[in-house]
Structure formats: structure tokens, C-alpha cells
Amino acid sequence: MNASSEATQGSYRENGAAPSALSAQNVTKRFPGVIANLLVNFDVARGEVHTLLGENGAGKSTLASILSGLYRPDEGSVLRNGKEVRLSSPRSGLSHGIAMVHQHFRLVDRFTVAENVVLGSKGLSFVLQPKDIEAKVSEVSEKFGLPLDPRAVVGELSAGQRQRVEIVKALYHGAEVLLLDEPTALLAPPEVVKLFETVRAMTSAGKSVVFVSHKLGEVVDISDRITVMRDGKVTGSVKRGEANASRLAELMVGREITLAPRRGTSNSGDVLLSVSQVHLSHDQSQNQSNQPNQPNILSDINLRVRSGEILGIAGVSGNGQRDLAEVISGLRQPNQGAVTVCGLPTVGLGARATRQAGLAYVPEDRLGTGLAPSLSIVDNLLLTRDRGFLVDRKSALIEAQEFITKLEIKTPGPLTPTRKLSGGNAQKVLLARELFSTEDLSRVLIVCSPTRGLDVGAVESVHALLDQARKNGKAILLISEDLDEVMTLADRVLVLYRGSIVLEAKGVAEDFERVGRAMAGISA
Amino acid sequence: MNSNVWLLTFADAISIATTLILASLGAMITERSGVINLGVEGYLLMGAVTGFVVADSTGQLWLALGSSIVVGAAMALVHATLTVTLRANQIVSGLAMVIFGTGLSQFIGKPIEGKSRPVVIDKIDFGVLSDLPIIGPVIFGHDPITYATWLLALVISLYLHRTRPGLILRATGDAPATVDAQGVSVKRIRYVHTVVGGALMGLGGGWYMFARAAAWNQSATTNGIGWIALALVVFASWRPLRAIAGAVLFGFCLQVPFTLQGQQINILPSEIVSMFPYLMTLVVLVALSTPRARRLLGAPKMLGQPFVRDER
Amino acid sequence: MIIGKARIQLEARLTAPRWLVVVVPVFSVLFALVVGGVFLLITGHPPIRTYRDLLDNGYTSFYGITDTLGLATPLICTGLAAAFAFRMNLYNIGQEGQLYLGMVGGAWAGIALAPHLNQFIAVPVVLVTGALFGAVWVLVPALLRARMGTSEIVSTLLLNYVALNLINYFIYGSRGFFRDPSTPFPQGRPISESARFDSFGTTNTYPTLIISIILAVFLFWFVRRSNYGYETSVFADSPQTARYAGMNSIWLTSSVLLFSGALAGLGGAMYVVGPAGKVDPGLLQTGLGYAGIVVAALARYNFVAVIITAVLFAGLRVGGSALQASSDPVPIAIAVVLQGAVLLFALGGEIFRRNRVVITRVAQNVKVSV
């Protein structure tokens, strides 16, 4: 640990008398296969905004969950106003005045604002007094600059308003410490401004706010302190005024990157995948209220992938990645724009036709989308093939055996249901199917988050597979939130932020910082 | 054509609506908690036959009705155990109850088949009011339980929309995860409302036995009223007061064949006329299931889904 | 759940041990027999002897087993109909009505078409017509479900009652096409002899039984081997995956329901070709459509197992009806009670297939201050 973390540790003693409103001491939390938090120290004082900054998977949400009572630490302790407390549930957290507002709201769409706010109240009278409740809700919302109509139906509110409901809910129940998990993820810029005003109002009233975020640029202004986490550990902490975007980015992602010496391939292969001016706007009739309140899901996407090339799309999740993959693979139709696969325009043709044109798609959701979980490996291999009237399992069985051997897939056998496979092995099945069919029809491959949740060995195998496919002349579009992975594998990198391509870079170490900042929304 | 006859038919419709209202209120509160109980037919039959048997041996009407309630609650308890705790398929469980209830009621009812009911629920005599020209038979010509049922619909409506437990109930059907996050037991809510719902269904069957059916005859007893009650829940958009209107409407359709027969009006064969309630229900269901309608009216969102809490 | 010092928890399994597949149905039947026995005792019938009579009348005597097989013939069809739809989470509860319409369709073909056809074609035509009528009867609910997502449960159900009234109309309410013109007594018009099968000897078993069995085996093979069967398996497992693979959910949903209706209708047509020979309101009393659901559920939607469970339940019915007519009459309803009870226990037993029971010791509670 370096000097910065000492500063973190010392700060709640710094002011002398007042113990911090909420703090974590040497907290460690493990989940199967991963250490989410390791000896983390963190605290927030009364009236302070302290931001937890880090990439996806850095451990910040876990820490916040521990501080609010959702999880229990394996080691270490949580202190409230200097006294140790055992938080057994979010409810007990609330009884200590600690409330967490999650990224995915816990609201009943059909209810009004007032009904949602009051839902969990103890001591509420048997007969609801709607006027009283509405009055009190209005009181709270006005006090903290959170304009809300208590009678409005939550399902019809925008994301920003729904978040306000969650915050009012916490304040209504007397929360003194609020933990906000990725609060700006679903907000448009003007709503972000309003949120920050609210936060200032709350801290002026003596409340403490913990911001959990990856969006470096946004939090710099609002935070009194910023603590950066990576891989479950605290890497550093800065105070207001000391915050420097580059320094923070380095703390977030920077490390010695040993890029495996790889290709010497040229990029002169044919363009196999071409996407131009693709726009995808919100589908009004579906009323997905958790969509970011931005004009388009995808705006003016242009990209080209050549044979023998890996084009990486970097970005934090929720910026349109899955939508992009679904549009290119034909599962969804864009409002505007063209997609060309091996020379064939595919917009409007559907998934099957796009596949036949030569495009293979490996979705992020392995067992829920890419594979049929209860069906065997053999049956799953047939999923994206042409099958004819009768299904021929014999050749698929042989193929399955081959894959199991060649790719070292650990499984009792080819007839095992895929849900019994570990994440890594399921991914191998998926990749094998899309990359190496005997007919070898696919020449373009879209892969999304291929190594999410996999252990190191599996990650290596998957990367090797992708590299080999590239050598075989396939054009690969790699969409991943794991910046390391993108920078290691890709020849070129595009950054996707709020549905637009904001940066193009090469996959070399020098560009790492630039890409990281672009992912966080900081323009170069 | 005697207009008085139609008036009487209407009054009759209101009367028969009682069973429909009770059964659909029972199904409604169960569904509001997120559980589907398709077994209504079985509950009605078991409520009817149990009531009959108890009345036969004790001669006490209220004891008989009480037993109908208990039987309905007991059956619902089995359903709740299977679906909430054991997470079995709710549809199949409900159907199993229909079959079980149909068979068991027939089995128990064999000795009393054809026997006329030992006790009768009398209509309340309101004196002068009952003799008023139109309002008399329609509003003042019913028995205590019918009036109690209307009151019950009102009470449940108030419960749902004006009380705290009602708020939580509604939240449970839509977003059990949210309720669970508040530390409230989703299982308990589902159990309670399923059992109470079953009790109401049983009562509906018992009442029918003593207020309308002349004797125990299994196949003629309910005639699919249980299924209509389920459709009625949708028709009423899961709101108790609307169920009353719908029940009277359906009740009217059910009565019309008899009136036509009695008046010897034979425009259409009686069997065809008997189809009307079911066809009409079908049409209503179709109209209610356009996407627009569904968004506006809306079933409890998590209806039929077992609630499994994510492990921490 | 905590009992004493032991915490009992259910933990999801990855695979179900093989022996469970047999044990759960067997125990369901046993427990159901116990429950039924209790009711028998209460009403004053000795359970053991009753069950023995049931067994004898339903299964072990010659006329018993042949009656059972005869009743199983249409029951296999409705069981297949239910299994085919239910495994896709499509709840076609309208088999009862589709069965009746199959009877009507078969009878129509048998009266109107069969006299002009030679013997070998007549029966298949009757059967196919019955199947078509059954499919038509489920068409509206199927389209509603496929295109608008309307629940097929109540819609198929309601049509049962419409169908019931339709049959009553044809036989009791009118003197039309389906009525036997030769007698004032309300009964159905017999179909042409060429479209009928004779039973085996003096039994009540008809060659249509063979068709049922072959159909079950064929469906088993078809779902396994055909592309259509494959697509329905994927769709039943994960609709998301099916969409990803480019499968058409509207087509799959509506075709499965239509097929299911056709199977039920086929059962009705078999009834006409076999025992009935005409539109017979007696079919309305047997509840074969609902029984098909129980048969399918107990067979865990496996088409070959449906044959076994159908015979099992048919035997219960046959034995039960014999009991009713015996010297110490037991209401036939006991068979229905047993049916329902078996299904309820099987449902409960399912939990053991999906989960394992884990019993751990509860440690001494640490004092917590919250």
C-alpha cells in the first residue's frame, strides 16, 4: 500500500473529534472463484461526497453493498459513527440510517411515487392516508431539490425521475448516509446536472454521500474525495483539488501491460464486414423505462473489418454494445444505415439469412442466448447450422468429440447438457460452433465479452482460439468491456460511448490511456 | 312478451352472480399475490358437497357454510404448499385440484345424490320494500349472503387500495423482489392470500348449494362457472368492484336459456343459447388482450412465476 | 427451514439421479392409494378388498384388461395432445372440446364421405377428418396466443363448454344431420360400415389401439429426429436461444397448438371408428380430455411413457366402473379421486427431482448486536 491509502486511513482521524459517518476497516469479501474485496479501508465523513472509482469488476459495488448491509464481509468490520455494527440486511442498514440506491431500481412500476416511497415503511398506519403521505413525500423532495409529483405513476417516469424516487425513498426513511451505485449510468447530461445539485443539497444538510462510479470525468467536480479501486484493492485516493484525470485513469487501469508478441500480419485482406451510418433509436411502443434517456441507442456507427483482422470495440457496459451486435447480426433492424457481410447487404434479412451470408455471432449471454442449457453439446452444435428435414446427429457427434479433444473441453461427454459445463467450457463449445464448423461457412465473427467470468486458464484458451481464427483469415469484431482483452487482441480499437464511436486507436500500449479516458467519457 | 319475466331474470342473474363474485374474488386475491389457482371448479364442487353433507347430518345452515369455507381453505393450502414452497407448476397443480375435487365431490356425493337439500337460505323479507315494482326483486329480493358478498367486494376493494397490507399485496404480484428487499416475506403473503382465496371459492360452492340448486347433482351443479369466474377476474382487471358488474352480466347470460325455455321462445335452440356465456367470455378475453388493453389493464406482472430469491 | 438442531435446505441439483425417474411416479401412486384408502374407509368400504377388486376388474381379468385397452385408445391420443403442448409450456386445456369435435368430424366423414370410398381409404379419411376438426377447434386460441400472447388456458377451456353444448344440440336439440333418422329416440346416426373397425373378438379393444401406440412411438421418434422437433425442443428450453438461432416463434407456437388439437381430435375420431360408430353423447361423461392432461403430466411429457400411464389410468376407470356395479358399490368417482391424488403427489415429488435435500447442523448462534 502506498502513501495515498495511508491518507485514506488517516482521514477519519484527521478532523480530530468527529468519527466518520460510515467506514469499512480491512474488509475482505470472497465469492466463489474471485476475491471481490481485499483488505479494503474506506470511510466517508458527515457532509462529504466520497467517490469510489474503478472499472467494472474492480470491487466497488461489492464494497458499497457491504456498507449498506446487502452483503456481509468475510473479514473486517463496518463502523457507523465510529462504533462497530453488524448489518444483517439492507433493512438493518436502514435502521442505522444507511441506504443504497442501486443501478437497477427496485420500484413497482404500476404504483405512484408516493406508494413506492412508502412501501417498506414500518409504523405505517393500517389505513393509508394518501394525503399525509403525499404531503410528506413532497416535503422531502422539495427539501432536497428533487421535484417529484407524488401522484405520478412510476412506470411513466424517465430514468432520472425514477432515480429521484429511489433517493426520496431513502431520505423519507431517514437515511443519513446514501450510497449511489452508478447513478449517472442511465442519465442524460441535464439530468446528471440535476443529480449533482441534489447531492450538494444533501451534503449541506449534513448527509454523507458515497458515489460508486466508473465515469471519471463526471465525478471529479462533485467529489470531496476520490478513492480508486482495482481488482478488489484500493489503489489510491485523492482529495478535491488534487484530482487529475490522467492520474486517476492510471490508477484505474494503468499497469505494466505485456502485450504478447503477436501478429505480423498485414491488414490488406478484403473488407468482409462493413457497417455504415447505422442508427438505432428507442422503440417507443416497447416502453423500456430503463433505457438511458439519450436520443438514440446507436448513432451513426461506421466501421469496417478486414479478413485477418480483429477490430475491437471497447466501452463500459450499457453503452450500446449488445444493441450493436444484434443489429449487425440481423436480430434487430436499425432505423437507418447499411450492413454488408461478404458483399451482401443484410439489413432486413433477418438472423438466419445474415448467418448464411457468412456471419457468426457469439453473444455475451452464453447459457441464456447462445446455448440451449438443457440440451446436449451435440444438440447445441446444431443450433446455428442448416439442419434439413431430419436432424443428423451423427456427424455432429463426431464433431463434438473432435472439439472436446482439440479444445480440451472438460465434460463427461458430448451428450452432457450444456448447463452442466463451467463457464469456460461452455464458451469453448460456443466458439467451436461458430468458428470451426466442418462446412466453415462463416467468415465474419462477432464476439461479445468472450471471457467474462472465466478463470485465467480459460481466458488464455479463448484468446488463443480467437487469434487462430484471425490467422485463418476470418474478420473478427470483438466487443468487450475488458480493456486489457481488447488492447491485447485487437489490431484496431474503437470506443463506444453512449451509442457513438468516439475514438479510434491502435491496439498498442501507448494508446491505452487514451482509450481508457474515452471509455469514461472524457474527450481527448 | 312479459317484461316482468325479464325483470325476474335480471334479479335471478344478480342472485347467481353471487357464486361468480365469490369465486372470482377468491381467484383475484390469490392472483394479486402472484399465484394462479385454476382449481376453482373443484373448490366450488367440494364446497357444495361438503356443505350438503354437513347440513344433512347437523341440520345447521351456518355450520354447513362454515364447512364449505374450511374445505376450500384446506384445498388451497395444498395448492399453496405445492406451488409456493415446492415451486411446482401452478397450472398443472390447479388442474390437478379440479380433477381431484371433481372426483372427490362425486365420491362423497354419491349417497346423497338426488336428495333435496336439507336446508335453504331464505331471502330476506324487507317488507314493503320487497314489493316495490322494479327495485323490489332486483335490489331487495335477495338473501343475506348475497348482500354480504357485495359488501365483501367493497371491503376487499378498500383493502387493496387503501390499506398498507393491500399495498404490499399488490406489490407482491408485480415485483416480489422489491417486497423481499424490504424484508417482508413473499411466501407468507402468497400462502395467506391463496388460502383465503380458496375459502371464498368454497363458500361460493356452498352458497350455491343452498340458495340455488335444488339437489346435489354433480354435473349440473356448476356447469363451468368456475372457469367463467377465472375469466371474470381478467374482465374485471383484477378489481373487485368491477367483478360485480361482470358477474351480473355473465349471470344474465347464464339465465337467459332458462327464461327463453320457460317463455317458450324458440328462436334459437336452447343448447345454442347455452353457448352464449362462454362465447361471450371468449370475445371479452380477446378484446382485453390486445397489447394496448393489456398495458392499460394489466395482470400482476409476476403472475404464475415462483419467486426465488437470489442467493447472497 | 429449521427443525431442532438441523437446518433443512433445498439445494438445486445439476442432474437428477436415474432412480428418481421411476421412484417418484411409483411413490405417487402408492401415496395416492393411501389417500384414496382413507376416503374408502371413511365411507365404509374396506380399502384392501376394494383395491383388489379394482385391480382385478381393471387389469388382471381378461375382459378387464381388454376394456382397459379399449378405453386407453383415445386416452393415449389426448395424453399425447397434452404432452405435445405442455412440454412447450402451452397449456391446451381444451382437449375435451377438441375430442368432441373430432368425434363430430369423424362422424361427418363417416356419413358423408365414407359410402363413396373403398374400405381401405374410408377409415384413414375419417380419422384425418376428425383430426382436422380438432385442430380447427383450437385455431382461434392458437392464433390469439401466437400473435397476441393471449393466455390459451381459459380460451381453450371455454370452447370445451361450447363443444359440449354443440354435441347436445346435435343429438338432443335437433333432428339434423347427425341424428339417426330411423328412430325417434335421440341418438346419433351410424356411420358407414366401411369406416368402422370390428373389435377383437368379443372384447372392447379395437384395432385403433394399434394406431394409438404407433402414433406415440412415431411422435417420440419425430420429436427426437426431425428438425421441427428439434426447434420445439430449443424453444421449450429457452425462447431467447430460439430467437438467436433464427427460429420463428409464431410458427412454432401456433403449429404446436394446432397439432395438439389434431391429436385430441384424432382420439375422438378413433372413438367413432371403434366403439361408437356415431356421435355419442356418452363420450361427454368420461372426461377423457382432462384425463389426458393427468396422463401426460405423470408421464413427464414423454410420449412413450404416455402409453403406460394411459393404460394405468384407463384401468382405474374401468375397474372403478365395475366397482360401481358390483354388489358392494363403490362410486366410480374413486378412480377420479385417485387420478387427481396421483398427480398432486407427482407434482410434489418433482421438487426432489430438481433439488436435493441438504441437512446441516445449526451452529451455536453468535450474539449479534444490530
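In chain B, 81% of the contacts with a separation of 6 or more join residues 24 or more positions apart; two residues are in contact if their C-beta atoms, placed from the backbone, lie within 7 Å. This is a predicted model, in which local features need pLDDT of at least 70, side-chain atom pairs count only at pLDDT 80 or more, and totals for chains, interfaces and linings use all residues. Residues are numbered from 1 along each chain as its sequence is written, while chains are lettered from A and ligands numbered from 1 in the order in which they are written.

Chain B contains 14 helices and 0 strands. Helices (H or I, at least four residues) and strands (E, at least two) are DSSP runs, numbered from the N terminus.

## Confidence

The model has an ipTM of 0.81 and a pTM of 0.81. Within chain C, strand S1 (residues 2-3) has the lowest confidence, with a mean of 59, and helix H7 (residues 208-225) the highest, at 93. Residues 365-370 of chain C have a pLDDT below 50, and this stretch makes 7 contacts in the model beyond near neighbours in sequence. Where pLDDT is low, the predicted coordinates should not be read in detail.

## Chain A: domains and composition

Chain A is divided into domain 1 (3-253) and domain 2 (271-519), with bounds that come from an automatic or database domain assignment. The centres of these two domains of chain A, taken over C-alpha atoms, are separated by 35 Å. Chain A has 18 helices and 20 strands, and 51% of its 524 residues count as buried. Residues 24 or more positions apart provide 69% of the chain A contacts with a separation of 6 or more.

## Buried elements of chain A

Strand S7 (residues 177-181) of chain A is mostly covered, with 5 of its 5 residues buried. Val177(A), Leu179(A) and Asp181(A) are buried on one side of S7(A), and Leu178(A) and Leu180(A) on the other. Two strands pair if DSSP finds at least two bridges between them. S7(A) pairs in the parallel sense with strand S6 (residues 98-101) of chain A over 4 bridges, where Ala99(A) has Leu178(A) as its bridge partner. S7(A) also pairs in the parallel sense with strand S8 (residues 208-213) of chain A, over 5 bridges; here the bridge partner of Asp181(A) is Val212(A).

Helix H10 (residues 321-329) of chain A is largely enclosed by the rest of the structure, because 9 of its 9 residues are buried. Among the buried residues of H10(A) are Arg322(A), Asp323(A) and Glu326(A), as well as Leu324(A), Val327(A) and Ile328(A).

## Nonpolar cores

The largest nonpolar core has 295 residues; a nonpolar core is a set of buried Ala, Val, Leu, Ile, Met, Phe, Trp, Tyr and Cys residues joined through C-beta atoms within 7 Å. Helix H10 (residues 249-276) of chain C gives the largest share of this core, 15 residues. The residues with the most contacts inside the core are Ile446(A), Leu478(A), Leu20(B), Leu232(B), Leu80(C) and Val306(C). Leaving aside neighbours within four places in sequence, Val306(C) has contacts that include Ile76(C), Leu80(C), Ala216(C) and Val295(C). A second, separate core of 79 residues includes Val40(A), Val168(A), Ile226(A) and Leu251(A).

## Contacts between chains

Chain C contributes 36 residues and chain B 37 residues to the contact between them. On the side of chain C that touches chain B, helices H5 (119-148), H6 (152-173), H11 (288-298) and H13 (333-354) of chain C give two or more residues, and H13(C) supplies the largest share, 13 residues. This side comprises 26 nonpolar, 9 polar and 1 charged residues; Ala, Val, Leu, Ile, Met, Phe, Trp, Tyr, Cys and Pro count as nonpolar, Asp, Glu, Lys and Arg as charged, and the others, Gly among them, as polar.

The contact between chain A and chain C takes 27 residues from chain A and 18 residues from chain C. The elements of chain A that give two or more residues to its side are helix H11 (351-357) and helix H12 (366-370). By class, the side of chain A that touches chain C has 13 nonpolar, 9 polar and 5 charged residues.

Conventions: pLDDT is the predictor's confidence in each residue, from 0 to 100. A residue is buried if 20 or more other C-beta atoms lie within 10 Å of its own, exposed if 12 or fewer, and partly exposed in between; C-beta atoms are placed from the backbone.
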